[in-house]
Amino acid sequence: MSLNSAAALFPEHSSSQVSQEEFREAMSLLGAPVVLVTTDGPGGRQGLTVSAISSVSDTPPTVLVCLNRSNRSHQSFLQNGIVGISVLSPNHSDLARVFASRSLDAQEKFSHGTWEIGETGSALLSDALVTLDCVIRTIHSAGTHDVLFCEVQSIYNNPEAEHGLTWFSRDFHHLPIKRQ
């Protein structure tokens with residue numbers, strides 16, 4: 001069921017009266033991973049920092065990534081059909097800010113960090129906590145964003161990483177990794 005068809009199924013539920021500011025404040029108190037999402041191909045090389053990412057299924061391995069349709073990189077992701085996901089560690093806080101910048105172009109962003117090319121052709125941060133190399137399988141629109149359902153083609157876990165990076169209450173926080 002898509003979000004559009006859900007509204008048709010449940011017409012008794014009226015439109016939200018929650019303000020944009022109220023929603024953003026509430027979401028700032030929801031801890032989230034900090035990741036770079038990248039793409040490369042006929043639509044060009046692009047990348048940005050996101051926290052709207054989640055696992056969907058392990059069969060097949062699938063994650064979702066939410067991208068604002070007004071973001072200048074949005075069309076590149078759709079045209080290329082691939083997504084590189086680099087989960088960040090605390091030493092990547094500055095890099096997260098670089099990729100979140102609206103004033104830097106893609107070439108300037110990718111001049112920071114060390115990059116490897118995944119099997120799909122996407123750029124993956126070589127010292128990331130975890131990288132996921134993905135192909136886009138499904139896209140759903142919701143409000144201002146597109147939700148990309150991405151099937152994971154390969155994964156790299158960095159065995160030397162000791163902490164993950166999260167975004168909570170409008171700031172970065174470090175979480176220790178429990179190794180088995």
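How many aromatic pairs does the structure hold? The structure, a predicted model, holds four.

**Aromatic residues**

Select Trp167 and Phe172 to begin. Their ring centres lie 4.9 Å apart and their planes meet at 70°, so the pair is edge-to-face; the cut-off for that class is over 60 degrees. Colouring by accessibility separates the two partners: Trp167 is partly exposed because its relative accessibility is 32%, whereas Phe172, with a relative accessible area of 14%, is buried.

Next, select Phe99, Phe110 and Trp115, which form one aromatic cluster. Arg45 lies over the face of the Phe110 ring, at 4.4 Å from the ring centre.

In soluble globular proteins, nonpolar side chains tend to be buried together. Here, display Val37, Leu67, Val83, Ile85 and Cys134: these are the residues with the most contacts inside the largest nonpolar core, which has 21 residues. Then show the strands around them. At least two residues of this core come from each of S2 (35-39), S3 (46-50), S5 (61-68), S6 (82-87), S9 (130-142) and S10 (145-157). Strand S9 supplies the largest share, four residues.

Centre the view on Ile85 and show its surroundings. Neighbours within four places in sequence aside, Ile85 is in contact with Val35, Leu36 and Val37, with Ile53, Val63 and Val65, and with Leu124, Val130, Thr131, Leu132 and Cys134.

Now move to a second, separate core, which has 15 residues; Ala106, Phe110, Ala128 and Leu165 are among them.

**The largest pocket**

Rolling a probe the size of a water molecule over the atoms shows where empty space is left. In this model, the largest pocket contains about 1,600 Å³ of space. To find its centre, select Thr49, Val50, Ser51, Ala52 and His145, the closest to that point of the 40 residues in the lining. Which elements give two or more residues to the lining of the largest pocket? They are helix H2 (20-28), strand S1 (32-33), S3, strand S4 (53-58), S5 and helix H4 (93-100).

**A loop residue**

Finally, select Gln17, in the loop between helix H1 (3-9) and H2. Gln17 is exposed, its relative accessible area being 73%.

Note on methods:
Residues numbered from 1 in each chain as written. Predicted model: local features only at pLDDT ≥ 70, side-chain atom pairs only at ≥ 80, totals over all residues. Heavy atoms only, no water. Phe/Tyr/Trp six-rings, centres within 6.5 Å; stacked < 30°, edge-to-face > 60°. Buried < 20%, exposed > 50% of the residue type's maximum accessible area, 1.4 Å probe, protein only. Lys NZ or Arg CZ within 6 Å of the ring centre and 35° of its normal. Core = buried A, V, L, I, M, F, W, Y, C linked by side-chain atoms within 4.5 Å. Contact = heavy atoms within 4.5 Å. 1 Å grid on protein atoms, 1.4 Å probe; cavity = no way out; pocket = protein on both sides within 12 Å on 5 of 7 lines; lining within 4 Å. Points joined across faces, edges and corners; volume = space filled by probe spheres on them.
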